[in-house]
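Colleague: Please take a close look at the surroundings of the ligand in this model. I would like one connected account.

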Amino acid sequence: MAEFTLELNDDQKQVKEWLHGFAADVIRPAAAEWDEREETPWPVIQEAAKIGIYSLDFYAQQFFDPTGLGIPVAMEELFWGDAGIALSIVGTGLAAVGVLANGTEEQIGTWIPQMYGDADDVKVAAFCSSEPDAGSDVASMRTRAVYDEAKDEWVLNGTKTWATNGGIAGVHVVVAVVDPDIGSKGHASFIVPPNTPGLSQGQKFKKHGIRASHTAEVVLEDVRVPGHCLLGGKEKLDERLARARERAKSGGERVKNAAMATFEASRPAVGAMAVGTARAAYEVALDYAKTRSQFGRPIIDNQGIAFQLADMRTRIDAARLLVWRASWMATTGKPFTSAEGSMSKLYASETARDVTAQAIQILGGNGFTREYPVERMHRDAAIYTIFEGTSEIQRLVIARTLSDMPIR
Ligand SMILES: Cc1cc2nc3c(=O)[nH]c(=O)nc-3n(C[C@H](O)[C@H](O)[C@H](O)COP(=O)(O)OP(=O)(O)OC[C@H]3O[C@@H](n4cnc5c(N)ncnc54)[C@H](O)[C@@H]3O)c2cc1C
């Protein structure tokens, strides 16, 4: 088991510098343009693919770093460059993790490479779970998957919403209900291969922030996928459903949900994205405060400004420590006895929201314009307290874990 250390090893330092270079030279200069265009920045994704940043290999290497710090370090650097573009680069990874977590070896080998395509023909993938009436309340999902035994096909019907890359993706990973009587235990995930009839893009959302990332509804009308597109396979699903039905019959004994453990492990990655955005805004504000003069001295000469910067930096470092702790726990198999994954996401996302707002204040009128990046960073930061579980849901998870009570 990897010893815990706060010092990055040489490999990690190299990766961090490499990603920082790409974020500074390629992502940051393109950020304002793609924010205005509100489109997926395909040329930037292609640049990332050419040098190996947009690839399964890169993602897997960070994912399997035995210290757990590979993913948080990578996320922080890319999102330091720009949140919208970075989400376009890592969005496929969210779908790939869905396959890695639940798929068979054959499914992983078949579908994940197709999710990325290659540098000459880049593809993206989408993970579709949320629905118009099932956001925080995942158990009220309505999209149905029904097995057609005669043809060994699954038939999917429903509407997904808020899907990052939804409709423009080649491969879509869709979560659907296979047994409506047992709540979220009756859900299963399916691969919908590229160009499958019946899958279409609904509304594309015009958003407040991360506008360089495509977010849309995905409509599924009698979408037929082969039996082998059920992630994990039918036998495993049948066993899992039988166990869940048995438990439901015997009075629903409370068991630690496997999906919950997965969320605890994935939430620190979102925390790391938030740390990247917060750090970016803090750096702009620090530079500005040192160079902007009023009343004959730099504005940082005033405690009112300097103390804000001190608080901003303290919160960013605290957020990073929580993220690193949770990532290390996930990788080394430590149980999340205090919902440490949720803690890291909660604290880092609220830090990003607050620090980017403070950065606008420190830049005064300039902070309020699109001539400076902190306005965009603040709009982008608003997503972190919403997706992958809102702040309220993180507090609910933490409170329930600490108290072992069904807090509502
Ligand atoms: C830009 C963007 C990208 C996204 N990408 C994806 C994606 O790729 N795939 C995907 O499946 N989903 C995605 N999502 C969906 C995202 O995860 C949901 O928006 C999120 O889970 C919240 O659901 P909701 O929007 O329906 O809000 P709701 O669940 O309706 O919540 C509304 C408000 O009520 C609060 N609330 C709800 N229940 C409780 C409670 N029990 N106690 C206290 N407060 C509560 C919430 O905290 C929130 O403040 C994305 C969303 C956005 C905006």
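Modeller: Around the ligand there are 20 residues, and S129, G135, S136, T390 and E392 come nearest; a residue is near a molecule if its C-beta atom, placed from the backbone, lies within 6 Å of it. The elements that give two or more residues to this shell are β3 (126-128), β5 and α12; helices (H or I, at least four residues) and strands (E, at least two) are DSSP runs, numbered from the N terminus. This is a predicted model, in which local features need pLDDT of at least 70 and side-chain atom pairs count only at pLDDT 80 or more, while totals for chains, interfaces and linings use all residues. Residues are numbered from 1 along each chain as its sequence is written.

By class, the shell holds 10 nonpolar, 7 polar and 3 charged residues (Ala, Val, Leu, Ile, Met, Phe, Trp, Tyr, Cys and Pro count as nonpolar, Asp, Glu, Lys and Arg as charged, and the others, Gly among them, as polar). The ligand lies between domain 2 (126-249) and domain 3 (258-403), because both give residues to the shell; the domain bounds come from an automatic or database domain assignment.

The loop between β5 (153-164) and β6 (172-177) holds N165, whose phi is positive, near 70°, in a residue other than glycine. N165 counts as buried because it has 28 C-beta neighbours inside 10 Å (buried means 20 or more other C-beta atoms within 10 Å of its own, exposed 12 or fewer, partly exposed in between, with C-beta atoms placed from the backbone). E388 lies in the loop between α11 (374-381) and α12 (391-403). E388 is not a glycine either, yet has a positive phi of about 60°; with 19 other C-beta atoms within 10 Å, E388 is partly exposed.
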